[in-house]
Amino acid sequence: MDIRRLTDRLGGLAFGGDYNPEQWDEQVWKQDDELMRRARVNLTTVGVFSWALLEPEEGRYDFDWLDAHLDRLHANGVAVDLATPTASPPPWFTLAHPDALPVRPDGTRLTHGSRDTYCLTAPAYRRAARRIAGALAERYGDHPTLALWHVHNEYVTLCLCDHTAAAFRVWLRARHGSLDVLNEAWGTAFWSQRYTSWEQILPPRDSQWHRNPGQALDFSRFWSDETLAAYREQRDAIRVHSDLPVTTNLMVPGYQNLDLWAFGREVDLVAIDHYPGAPGLDAAAHAAFDADRARSIAAGAPWLLMEQGTSTVYAGGRVLAKEPGEILRHSLAHIARGSEGALFFQWRQSRAGAEQWHSAMVPHAGPDSRIFREVTAAGEAVARLGELAGSTVRAEVAVLHDSDAWWAMRVDGLPSSELDYFAALRGAHRALWDAGVTTDFAHPEQDLSRYRLVLAPALFLLTDAGAENLRHYVAAGGTLLVQHFSGMVDERLHARLGGYPAAPLREALGIRVEEYRPLRQDERITLSDGSTAGSWSESLRTEGAETLAAYTHGMLAGSPALTRHDFGRGRGWYLSTRLDDTGYAALVGHLLSEAKVSPELSGLPPGVEAVTRRAADGRSWHLLLNHRDEAVALPRPGHDLLTDGPLRELPPGGCAVLRAH
């Protein structure tokens, strides 16, 4: 479904957030109406955590209170993203269906008292979820304020109960067909694990030592498929009564329980939640990372930032406040990279409950506060950007991102605890972001021909099809960097025999890895070009590749560490160790130069972010974010949509949206 249907309904880009009026009284509702107008709110997410009020007992619904709020929002000119409340079943449900409570890997069954207390595979839960979704759609499918449907909230909960075990066995039968095939895939000849009946198979619960890696990988695949099936059930129940777009808010954190590529193909609109994991420039880089992932999951189409913390930055055991100006900069960072707006969690900060200290658009201090003034300024800014609706972002560089490879790197028994898929992904993106280059993420098996440069920072698992695709990409003229511990196993987690990585990729890289040699904790090594590295090394030999940097000590002294191979019309690079940030940035900079990839706008200093959005009719806009504490002169002046006037320099911490010539 075309996202322009949503932006046309809103009259421009979306601005607003989760609204929970059931927490407040009529006096506050009247104030909310006035404050939403002041902040230029045009879209609110309603009903995410309202199941206990909507269905106070099984099969009996109370919609009167929701009727009143939707009518009030409509009268106030605010559209609604109506959520199904299935992330938080009410107490009556778990009392009636204790078997639907989630079970941890150690066998502990959790109790009610928080959110996400459900087992996704429990039949009673799935029936109740379909029922409430259908009842909401039947009631509100043609309500004039409705603009979007929002299934569930942040599908992240895992469960390893007996319901899950039964569903897992059904999935395994469909995937493998027979126990002989499954036993071969999982390598059960090792440790006397051979299965002789399907009933013997369990989810990867806690055990004596290492769990079977094939079992763990298949369970991750199963859980993602099961989650997607649960989403489809609610979506289809809604579509019986409504033809409006349906989505769910995907989490894109440092762990991943879902195949985001698969979800991107099923939702009508990709929507994500973003919460920075570090302050300052790291928060800005993190916003770009998540926004680029969202755009890529959406296959380049416009998407939506469904949630962000108004003034929330998670840093270890602390929740830090955003600095002045960051509410707008973080919002525009997502819009720059393709989001059709910026929404927050939540509208009004809760006075009680588990998230009473989670920041909001209207804080405990009320509208006479720095936070609300910045929210209002952000709303006014977003309201001026309506002409960007439907425009897209193009990238000439991609980082390879595969859920199977991520899950594979989480299995027990790998040779180093420092093998971190998410960190490798973030590191590659950060080097490109620091260089001022907009980046896509891509699956190893998709068409890569539109990219001048592709980075593969952590492809531990690589299918034969993926290896052949990368070989073809290089042969056709692409530049590819493959990093250590890649192509080591196939899709069954079986080791590649005869040398690493997979044979077609070895041909493109012109190397053969014979031995992996993790380094000692905190050990640092120096390469022949003066760069430093740590964590990992490999013994490899060149088979046509040129050695650009070699190891300088130990048994690897003089052997290749960084190689380059001319293959077909392209080049394959291989990095067999983990360079420090400085050395890695230099390598990425060299690759960008070789691939003839330039920053979006030349002449800008580090710390100034620039991204271009382009419309189908040829119009384009440069979105500029100054993360520096001093003003920055623009390479060329332009007309700024935020100020509706000419702009020659960005103020400290300032933003601009320039119409491009």
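**Figure 1. Buried residues and overall build of the protein chain.** Buried residues account for 60% of the 661 residues in the protein chain. The model is predicted. Its secondary structure comprises 18 helices and 28 strands. Taken along the principal axes, the C-alpha atoms fill a box of roughly 75 × 70 × 45 Å. What radius of gyration would a compact globule with 661 residues have? The value would be near 26 Å, and the protein chain has 26 Å, so the two agree. Now take the contacts between residues at least 6 apart in sequence. Of these, 70% join residues at least 24 apart.

**Figure 2. Helix α11 packed with helix α12.** Two packed helices are described by the angle between their axes and the distance between the axes. Here, α11 covers residues 281-297 and α12 covers residues 326-336. Their axes lie 9 Å apart, at an angle of about 30 degrees. Angles under 35 degrees count as roughly parallel, so α11 is roughly parallel to α12. The crossing of α11 past α12 is right-handed. Which residues of α11 and α12 meet? On the α11 side they are A283, A284, A287 and A291. On the α12 side they are H330, A333 and H334. By class, this contact of α11 with α12 has five nonpolar residues, two polar residues and no charged residues.

**Figure 3. Helix α15 crossing helix α18.** Helix α15 spans residues 421-434, and helix α18 spans residues 581-594. Their axes come within 9 Å and cross at roughly 60 degrees. Is the crossing of α15 and α18 right-handed or left-handed? It is right-handed. From α15, the contact uses G427, A428, A431 and L432. From α18, it uses Y584, V588 and L592. By class, the contact of α15 with α18 has six nonpolar residues, one polar residue and no charged residues.

Figure 4. T108 sits in the loop between α5 (91-96) and α6 (123-140). With a relative accessible area of 34%, T108 is partly exposed. Not counting residues up to four places away in sequence, T108 touches P102 and V103. T108 and L160 are 52 residues apart in sequence. In space, they are 9.6 Å apart, C-alpha to C-alpha. D116 also has its place in the loop between α5 and α6. Is D116 buried or exposed? D116 has a relative accessible area of 13%, so it is buried. Its phi is near 60 degrees, a positive value in a residue other than glycine.

**Figure 5. S192 in the loop between α8 and α9.** Most residues other than glycine have a negative phi. S192 has a positive phi, near 55 degrees. Where is S192 found? It lies in the loop between α8 (179-186) and α9 (213-239). S192 has 72% relative accessibility, so it counts as exposed.

Figure 6. Most peptide bonds are trans. The bond from F345 to Q346 is cis, with omega near -5 degrees. Q346 lies in the loop between β11 (339-344) and α13 (370-383). Y500 and P501 are also joined by a cis peptide bond. There, omega is about -10 degrees. P501 belongs to the loop between β15 (479-483) and α17 (503-509).

Conventions
Residues numbered from 1 in each chain as written. Predicted model: local features only at pLDDT ≥ 70, side-chain atom pairs only at ≥ 80, totals over all residues. Heavy atoms only, no water. Axes fitted to C-alpha atoms, helices over the stretch in contact; angles between N-to-C directions. Helix = DSSP H or I, 4+ residues; strand = E, 2+ residues; numbered from the N terminus. Parallel < 35°, antiparallel > 145°, perpendicular 65-115°, else oblique. Left-handed = near helix turned anticlockwise from the far one by under 90°. Contact = heavy atoms within 4.5 Å. Nonpolar A, V, L, I, M, F, W, Y, C, P; charged D, E, K, R; others polar. Rg over C-alpha atoms; globule rule 2.2 N^0.38 Å. Buried < 20%, exposed > 50% of the residue type's maximum accessible area, 1.4 Å probe, protein only.
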